[in-house]
Amino acid sequence: MPTRPAWDDLGAFLQPDEFATVAAVTPQGGVSRSVTGIFDEAFLDTAIGEYDLDTTRPRFTARAADLAGLGRGDVAVIDGATFVVLTSPQTDGTGMAVLELARQEAGDAAF
């Protein structure tokens, strides 16, 4: 009987006591649920002609099945910070998916 490759167990990548974190995700008009994934807020520094842009690009990577049903305008709370979901889950073919996020500051209107 063939054994499954180690990467088949996606839970091995999503241990909160290692790299992962637990996010509270709430679909518009839905009920909040907990999703374990990896949060990344990479710094983005670019220039277009004479214009410079310094910002971050927050993303949350989790099992595609756990992110199903989420889309633009939904809310994710990660490590106490509130984010608005910008995209539907972007699957990568391995069972994982990425949500593109935008940090929601106090007083910001919802998307």
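Of the 111 residues in the protein chain, 30% count as buried, where buried means under 20% relative accessible area, exposed means over 50%, and partly exposed lies in between (1.4 Å probe, protein chains only). The model is predicted, so local features need pLDDT of at least 70 and side-chain atom pairs count only at pLDDT 80 or more, while totals for chains, interfaces and linings use all residues. Residues are numbered from 1 along each chain as its sequence is written, and side-chain values use heavy atoms, with hydrogens and water left out.

The protein chain has one helix and seven strands, in the order β-β-β-α-β-β-β-β along the sequence. Helices (H or I, at least four residues) and strands (E, at least two) are DSSP runs, numbered from the N terminus.

Beyond its neighbours within four places in sequence, Ile78 is in contact with Thr21, Ala23, Phe39, Phe60, Phe83 and Leu101; contact means heavy atoms within 4.5 Å.

Asp79 is in the loop between β4 (75-78) and β5 (81-85). Asp79 is exposed, with a relative accessible area of 61%. The phi of Asp79 is positive, near 50°, and Asp79 is not a glycine. Most residues other than glycine have a negative phi.
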